[in-house]
Amino acid sequence: VGFENDGNDTAHNIYVLDTLSNNLEGSTLKPVFASHDMCIERVVTSGSYTVYKFDFPNIKLLDSSHHGLCQGTFQYDVKVKAGLPECTQIPARVGIYFDENPVVMTNEAYNVIGCTAGINTLAMRSKDVQLYPNPTFDVLNINADNEVYEAYTISNNVGMVVATGRLSSAHTAVNIATLPAGIYYVSLKGKGGNMVKMVVVNG
């Protein structure tokens, strides 16, 4: 999960709420990496879902004029429930809270689990997506099977769409030279479902 302070003042406290899919074992969540000091709290547990709070108190994340210093990220591992059908898609979406501002919701991304050769070729091919260079500043290259994904959308950190297009081949070059520096999300859509990947633009 990545976040960015795109405002004109320091963000003093940031937290992220993540509602885990009911196909995941919420109690097994473990942090892997965080760019800043982070506290994790399980705030809701019910029979069908679990909500975790990833808290960055007193982070004092600099404003958007400080390129490269106004961003944060974290990563965690969590186990899937036993007995799920092969090629189950697990959605992921989080809400990001900057001080007293309204929540910023990310796009929905999917993980496909348990596919073995010959069971769901399309689902296997859907995972073979590359975005490079990352970070970038002028051109973003998208390598993706255009029989699986047909179109792309690029959104900024508040969900505003800044670029769209179609994937005409396995390699598509997108000119992003006019985009301000920051974190962006590239959404691919097609027969293979949806996939969202994060890319950093250094303006």
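Val43, Val44 and Tyr49 make a nonpolar surface patch of about 220 Å²; such a patch joins nonpolar side chains within 5 Å, from residues with over 30% relative accessible area and no salt bridge (a side-chain nitrogen of Lys or Arg within 4 Å of a carboxyl oxygen of Asp or Glu). Areas come from the Shrake-Rupley method with a 1.4 Å probe. Val43 lies in strand S4, residues 39-45 (strands are DSSP runs of E, at least two residues, numbered from the N terminus). Val43 is partly exposed at a relative accessible area of 38%, the range between buried, under 20%, and exposed, over 50%.

The model is predicted, with local features needing pLDDT of at least 70 and side-chain atom pairs pLDDT 80 or more, while totals for chains, interfaces and linings use all residues. Residues are numbered from 1 along each chain, and side-chain values use heavy atoms, without hydrogens and water.

The largest pocket holds about 1000 Å³ of space. A pocket is an open set of points on a 1 Å grid with protein on both sides within 12 Å along at least five of seven lines, and lining residues have an atom within 4 Å of a point. Its lining has 36 residues, with Val1, Ala92, Ala109, Asn111 and Val196 nearest the centre. S6 gives the most, five residues. The lining divides into 21 nonpolar, ten polar and five charged residues.

One cavity of 30 Å³ or more is found in the whole structure; in a cavity a 1.4 Å probe fits but cannot get out. The largest cavity holds about 50 Å³, and its lining includes Ile96, Met105, Asn156 and Tyr185. That lining has five nonpolar, five polar and no charged residues.

Note on methods:
Grid points are joined across faces, edges and corners, and a volume is the space filled by probe spheres set on the points. Helices (H or I, at least four residues) and strands (E, at least two) are DSSP runs, numbered from the N terminus. Ala, Val, Leu, Ile, Met, Phe, Trp, Tyr, Cys and Pro count as nonpolar, Asp, Glu, Lys and Arg as charged, and the others, Gly among them, as polar. Patches are made of residues with over 30% relative accessible area and no salt bridge: like charges are joined within 9 Å, nonpolar side chains (Val, Leu, Ile, Met, Phe, Trp, Tyr) within 5 Å. Buried means under 20% relative accessible area, exposed over 50%, partly exposed in between (1.4 Å probe, protein chains only).
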